[in-house]
Amino acid sequence: MVGKKRGYNTLHLTLASRGPAMKFDLDQLVSDCRKAVRENAPQAPISEILARSLSDRASLVSALGEPKRAEMQKLYQGSDLTILNVIWAPWMTLLPHNHKMWAVIGIYSGREDNIFWRRLPADSSRRLEAAGAKALCEKDTVELGEDIIHSVTNPIGRLTGAIHIYGGDFFGVQRSEWDAETFLERACDGDRMARRFEQANTFLRRTLSRDA
Ligand SMILES: [Fe+2]
């Protein structure tokens, strides 16, 4: 556990899966998570549920499809939870952003590197500073506190697939992102994020055609 430091809220990393492999079942994942979210402290049980869901990669990929392009697939969206299949293009980076709700992330293919940021006082020359980092590999899960600010990079030359579970309606809240060069805070824009994924896909297509 990484303790709280000035705006750098808690996160908890679990390396690889626990226990025997379990066949992936999307309906079961959604059902189990919706049941767990009604508990007082739902992140830990949902992290366990997600870890079990990642334990059999072949059945997960059979159910969700082999990652082919960068995208965010909605597996479940409700007022209680959002569950996404997030696929990162090679070397793709997403700007620092917040969620305003807790999250649990688990990797089923590839790598996802997270930089965690904390806010700096308003009179500082910069608005954010890096506070920590975690490299997530296949079957790793991480629990993020509701005030976490992070940026995400896929550092490898192939697609990375991850299941992201959020403790509310991820698309129903006004969130922030921070400009990559100026670190200025601005409202998260769904269209801008969608363009970022399409830019990454364009880069991926060019790379694949160049290497063919
Ligand atoms: Fe995020």
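Visitor: Which residues touch the most other members of the largest nonpolar core?

Guide: In soluble globular proteins, nonpolar side chains tend to be buried together. Here the largest nonpolar core has 41 residues, of which Cys33, Leu50, Trp88, Ala103, Ile105 and Ile165 touch the most other members. Such a core is a set of buried Ala, Val, Leu, Ile, Met, Phe, Trp, Tyr and Cys residues joined through C-beta atoms within 7 Å, and buried means that 20 or more other C-beta atoms lie within 10 Å of the residue's own, with exposed standing for 12 or fewer, partly exposed for counts in between, and C-beta atoms placed from the backbone. Two or more residues of this core come from each of α1, α2, β3 (82-88), β5 (103-109), β6 (112-119), β7 (128-136), β8 (141-144) and β10 (160-166), where helices (H or I, at least four residues) and strands (E, at least two) are DSSP runs numbered from the N terminus. Please keep in mind that this is a predicted model, in which local features need pLDDT of at least 70 and side-chain atom pairs count only at pLDDT 80 or more, while totals for chains, interfaces and linings use all residues. Residue numbers start from 1 along each chain as its sequence is written.

Visitor: What is leucine 50 in contact with, beyond its neighbours within four places in sequence?

Guide: Contact requires that the C-beta atoms of two residues, placed from the backbone, lie within 7 Å. By that rule leucine 50 meets Val104, Gly106, Thr141, Ile163 and Ile165.

Visitor: Is α2 largely enclosed by the rest of the structure or largely open, and how many of its residues are buried?

Guide: Helix α2 is largely enclosed by the rest of the structure, because eight of its 11 residues are buried; these are Gln43, Ile46, Ser47, Ile49, Leu50, Ala51, Arg52 and Ser53.

Visitor: At what angle do α1 and α2 pack?

Guide: Helix α1 (residues 26-36) and helix α2 (residues 43-53) pack at about 170 degrees, with axes 9 Å apart; axes are lines fitted to C-alpha atoms over the stretch in contact, and angles run from 0 to 180 degrees between N-to-C directions. The two helices are therefore roughly antiparallel, a term for angles over 145 degrees. In this packing, Leu29, Asp32, Cys33 and Ala36 of α1 meet Pro45, Ile46, Ile49 and Ser53 of α2.

Visitor: Where does aspartate 25 lie, and is it buried or partly exposed?

Guide: Aspartate 25 is in the loop between β1 (11-14) and α1, and it counts as partly exposed because it has 14 C-beta neighbours inside 10 Å.

Terms used: Parallel < 35°, antiparallel > 145°, perpendicular 65-115°, else oblique.
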